[in-house]
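Visitor: Can you walk me through this one? I have the model open and a few quick things to ask.

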Amino acid sequence: MEKKQKLICDRCKVEMVDKEVQFSYLGKSFRHKVKRCPECGQVYISEELVKGRMSQVEKMLEDK
Amino acid sequence: MEKYFKQFESCRQSEKPFCTDACPFHLDVLDFQEKISRKSYNAAYRTYRNAVAFPDIVAELCPEYCAAKCPRKDLDQSVQLNLLERTCVNKAVKKDPTDYNLPAKKGKIGIIGAGISGLACALRLCSKKFNVTIFEKTDKLGGQLWNLMPQEIFLKDIERQFKHENYTLQLNTSVDDIEQLKDQGFDALYVATGKNGFDFGTLNREKGQCYINGDTGVFAGGSLTGKDPMFALADGLSMAWAIEVWLSTGKLEYPGKRQPSKAVSNQDKLWRLEAVIPTDNGLFTDEEAVEEAARCIRCQCDACKTYCDLCDFFNKWPLQMRDEIMTTVMSSESMIHKTPAIRLINTCTQCGLFEEACPEDIELSDMIKEARKRLHKLNKMPGAYHQFWLRDMAFANSKFAAVKKTAPGEKQCNYAFFPGCHLGAADPEYVIEPYKWLLSKKPQTGLLLRCCSVPADWAGNEALHGEEIQSLREDWQALGEPVLIMACPTCIRNFAEYLPEIQTVSLYEVLEQWKFEQKSVKKTKKIYSVFDPCSARHIDPIQQAVRRLAEQSGVTLEELPKGDQHGCCGYGGHVSIANPKFAEHVAKKRSALSDNLYIAYCINCRDVFKGENKPVVHVLDLLFNINTQESVLPDVTQRRENRVRLKETLLSEIWGEKMESKPEKCKLNIVIRPEIKEKMNTLKLLKEDVCNVVEYSQKSNRRTFDPQKKTYLCYREIGHITCWVEYCQAGDAFEVVNVYSHRMKIELEAVWNGKKTEADL
């Protein structure tokens, strides 16, 4: 099992948790759970997500 | 857009090969050959049977009408299609027809004559479950076949094909008068009474060999109408179609003559291949059949697929591309509106080779350019596709990089050097050296250093393009309307299209005319090939000037196999962000045109080939000894720095001026690892962008800390993309350990739990 990575919001000094974030691209909006600061709402998106699912969705919307 | 849509009406995409055209049955030879070449004899047999109805009979009797039309006829020998058919019929195992469980159809048809034509018509109609009665005056089926071939072949074939069909056969029944059948309630009659048979008044009618008798449609065909056996059989099949039309619509549609095929045989595929000699008792073995099928060059109009990179890469035919493009640019706010061609539209390199290859002069790249404009207007153009180049153009035209000056001490100029924005970005010397030489020949030569505005044109942004063109015009007027000496063929093409009032001449012609003399001529044994950019295709004066200059510099030249008949290097149309795989595919394809070293005279071609590790030099390298093959390409950030350095050097060395304003430097001490620099170059991210993100993160504290890695991660939107930077801090230095970017926008971060947070990205 992969170790759960701990991440801290540098402004609020609290641990980031999984929360929904709204994304939009080419006029379409959708929600996805990513790490967010429970205090200020700052978002963290990993390179893995950007290169994987996110780029797939971008490609899908461009070719739709 | 509609103008281009109409052009496709004459597209020859669906034109049949010449052999199909000559075949009485219009056999789909492309499909047949494809199946033979993978040894699928059963499938090939089905294709053959669907066309000819009686495969064994036709394979035996067909005199190969197609052979006369085969483009191989005059080269070696026509493809032996009949032999392939006979091999197929012999090798197929599953020869029984499929038994379809269809409901009976309304319509009673009488067929007079059980010869080859009548039987074919009966078979087609029976298989569609019409009520068919055949009248035959003798006591056997087959008519003239008895005189033409062994009875065991045709009787077996007839029996097999009619295996699942029901029909009434009245042998020894002579029909002498149509009135004889009046009471039997036939809706249609097919008269196939054979050579010199009775025609029942069908021949030489106004609408072909048919007429209406009361409620009955009477049709004639086959040998009765003077056709040979194969055409007689084919007649039976087409009459079945005419009868069906008659039954469903009440109209007489006698099959007319087909227009001759307008297919174009691809001469590139046509080289000498001797006909295969069959060794298996007069038939082909498996390997021989495959070899013979491979001799067929599959004639059809495929000029676009052969020449156009877009058609080839997407594996799409023009009509499909047209439909997808039209759907995409239709204005619609509907959620279900499809835009299937956004990527395709943004993948065209605008090289114009499609237009040259198309025998119907369809202007696909113009259509695509228009489509980009529409996409932009409809706000459907993905911003990230062209953002990088539009920002690049803005920088090239900014006070940090653009130069508009008359020669020192001059108020106006007759000539001005227009190097384009990429030449100096690749290496400032490419601009400095030629300009100094021009000044040495004509000291009044001015300089106009800026972008030609093609990025806005390729992005479909008409308004921005219009502004840039206007500003270019004003710059030119301010210099006294000089003749512009152009270093980039794409700039020349763009000027000719949008600024026809400006007279241009290529730098290479000027170098020749103003008598350029090489300082030191180094003879080399290496053989070079000049790679003509697509924007200089057919522009003979430029092409020849470059060749002569190159030869003067001591190199030996050899032409590329097809001269300038090739597409773009992959830079044109700014496609590499929209479709990086395509850009790479095209660059590799062009690199492989020849093993020789290339000489480019468009700096973008040079950069693309260099990126592909193809040995290449710019012609200016040969003339002014600027770069060698081993020189390293600058990355996106260095290209900007080069532009600033170029302006600074020019101002100080030519005009003795000091550059007043320079781009703001990053306030932080940012250290970027080499592998990250490479990644930034691929993602087309500038150092300036990364600084921007880190600076913002430091200022706002909006960053995530990873306690294990001891790194910070932050992001900021840069126009249409969001850039993420991971860095660690050591004293006052910020070391960037990773960067990545995405096109999707993160929404609503500014409002969190109902309260506004500071997310001023």
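**A buried loop residue**

Guide: Start with B:Y601, which counts as buried at 0% relative accessibility. Buried means under 20% relative accessible area, exposed over 50% and partly exposed in between, with a 1.4 Å probe and protein chains only.

Visitor: Before we go on, how should I read the numbers?

Guide: This is a predicted model: local features need pLDDT of at least 70, side-chain atom pairs count only at pLDDT 80 or more, and totals for chains, interfaces and linings use all residues. Residues are numbered from 1 along each chain as its sequence is written, chains are lettered from A and ligands numbered from 1 in the order in which they are written, and side-chain values use heavy atoms, with hydrogens and water left out.

Visitor: Fine. Where is B:Y601 found?

Guide: In the loop between β14 (597-600) and α27 of chain B. Helices (H or I, at least four residues) and strands (E, at least two) are DSSP runs, numbered from the N terminus.

Visitor: What about the core? Which residues have the most contacts inside the largest nonpolar one?

Guide: B:Y508, B:L511, B:I599 and B:L650, in a core of 95 residues. A nonpolar core here is a set of buried Ala, Val, Leu, Ile, Met, Phe, Trp, Tyr and Cys residues joined through side-chain atoms within 4.5 Å. Helix α20 (residues 429-441) of chain B gives the most to this core, with seven residues.

Visitor: And what does B:L650 touch, leaving aside neighbours within four places in sequence?

Guide: B:V431, B:I432, B:Y435, B:L447, B:L449 and B:W655. Contact means heavy atoms within 4.5 Å. Apart from that core lies another, of 72 residues, including B:F54, B:V132, B:A242 and B:L252.

Visitor: Switching to helix packing. At what angle do α3(B) and α4(B) pack?

Guide: About 165°, with their axes 8 Å apart. Helix α3 covers residues 29-37 and helix α4 covers residues 41-52, both in chain B. Axes are lines fitted to C-alpha atoms, for helices over the stretch in contact, and angles run from 0 to 180 degrees between N-to-C directions. α3(B) and α4(B) are therefore roughly antiparallel to each other. The cut-offs: under 35 degrees is roughly parallel, over 145 roughly antiparallel, 65 to 115 roughly perpendicular, and the rest oblique.

Visitor: Who makes that contact?

Guide: From α3(B), B:D31, B:F32, B:K35 and B:I36; from α4(B), B:Y41, B:A43, B:A44, B:T47 and B:Y48. By class, that is six nonpolar, one polar and two charged residues. Ala, Val, Leu, Ile, Met, Phe, Trp, Tyr, Cys and Pro count as nonpolar, Asp, Glu, Lys and Arg as charged, and the others, Gly among them, as polar.

Visitor: B:T47 again: how far is it from B:D28, C-alpha to C-alpha?

Guide: 7.5 Å, and the two are 19 residues apart in sequence. B:D28 is in the loop between α2 (18-22) and α3 of chain B. At 38% relative accessibility, B:D28 counts as partly exposed. B:D28 touches B:T20 and B:T47, not counting residues up to four places away in sequence.

Visitor: Which residues of α3(B) meet α11(B)?

Guide: B:Q33, B:I36 and B:S37. On the α11(B) side they meet B:A289, B:V290 and B:A293. The contact has four nonpolar, two polar and no charged residues. α3(B) and helix α11 (residues 286-295) of chain B pack at about 145°, axes 8 Å apart.

Visitor: Now α14(B) and α17(B). How far apart are the axes?

Guide: 10 Å, at an angle of about 20°. That makes α14(B) roughly parallel to α17(B). By class, their contact has nine nonpolar, one polar and two charged residues.
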